[in-house]
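Subject: Handover of a structure for your review

Dear colleague,

Please find below the sequence and structure that I am handing over to you. A summary of the findings follows.

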Amino acid sequence: MVSTSTDWMRPDVMDHVAHDELAAFTAIVESIPAGRTFTVNDLRDRLDAAAVPAEKRGVLFTNACRADLIEPVRVSQWGRITDVFVPSSGSSAHRARVRLYRRLPVPGAEQDGDGS
């Protein structure tokens, strides 16, 4: 069951993000199965269609991590923990990289068992 609750966003951030932008972002993130990995590349068309401005997406992803909806995928490399990045597919990317995230399970929700 998808809640699309927007209670997870910090109040101070709500001064910069419209409620409809937050609701659209939340619905998109909640539609991703728990355990699935994704980037903004995978969500870009849906975020564009929902009119979530590109300049607000960073704060939305950051706060979704703080609220335990998603987490950055990290690997241990040469004794250091580092986030995983992939090339951006955005039209103005200019060799930019985007972070890989994992959708976290909803506490108390039934999972499909395979993490996909």
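**Contacts of Asn41**

Apart from neighbours within four places in sequence, Asn41 is in contact (heavy atoms within 4.5 Å) with Val86, Pro87, Ser88, Ser89, Gly90 and Val98. Asn41 itself belongs to helix H2, which covers residues 40-49. A polar atom of the Asn41 side chain lies 2.9 Å from the backbone oxygen of Pro87.

**Basis of the values**

This is a predicted model, in which local features need pLDDT of at least 70 and side-chain atom pairs count only at pLDDT 80 or more, while totals for chains, interfaces and linings use all residues. Residues are numbered from 1 along each chain as its sequence is written, and side-chain values use heavy atoms, with hydrogens and water left out.

**The chain as a whole**

The protein chain contains 3 helices and 7 strands; these are DSSP runs numbered from the N terminus, with helices (H or I) of at least four residues and strands (E) of at least two. Along the sequence, their pattern is α-β-α-α-β-β-β-β-β-β. Of the 116 residues in the protein chain, 38% are buried, where buried means under 20% relative accessible area, exposed over 50%, and partly exposed in between (1.4 Å probe, protein chains only).

The protein chain exposes about 7300 Å², of which carbon and sulfur atoms supply 50%; accessible areas come from the Shrake-Rupley method with a 1.4 Å probe, and for residues only the protein chains shown count as cover. Among contacts in the protein chain with a separation of 6 or more, 61% involve residues 24 or more positions apart.

**Salt bridges**

The structure holds 5 salt bridges, each defined as a side-chain nitrogen of Lys or Arg within 4 Å of a carboxyl oxygen of Asp or Glu. One of them joins the side chains of Glu21 and Lys56, at 3.0 Å from N to O. Because Glu21 lies in helix H1 (residues 19-30) and Lys56 in helix H3 (residues 54-66), this pair ties together parts that are 35 residues apart in sequence. Glu21 is buried at 11% relative accessibility, whereas Lys56 is partly exposed at 21%.

Asp48 and Arg57 also meet through their side chains in a salt bridge, at 2.6 Å from N to O. Here Asp48 is partly exposed, with 44% relative accessibility, and Arg57 is buried, with a relative accessible area of 7%.

A further salt bridge links the side chains of Glu71 and Arg102, at 2.8 Å from N to O. Glu71 sits in strand S2 (residues 70-72) and Arg102 in strand S7 (residues 101-103), so the pair ties together parts that are 31 residues apart in sequence. Glu71 counts as partly exposed at 28% relative accessibility, and Arg102 counts as partly exposed at 27%.

**Surroundings of Arg99**

Arg99 is found in strand S6 (residues 97-99) and is partly exposed, with 29% relative accessibility. Its side chain makes a polar contact with the side chain of Asp83 at 2.8 Å. A polar contact is a pair of N or O atoms within 3.5 Å; within protein, one must be able to donate a hydrogen and the other to accept it, and residues adjacent in sequence count only if both atoms are side-chain atoms.

Not counting residues up to four places away in sequence, Arg99 touches Phe38, Thr39, Pro72, Asp83, Val84 and Phe85.

Yours sincerely
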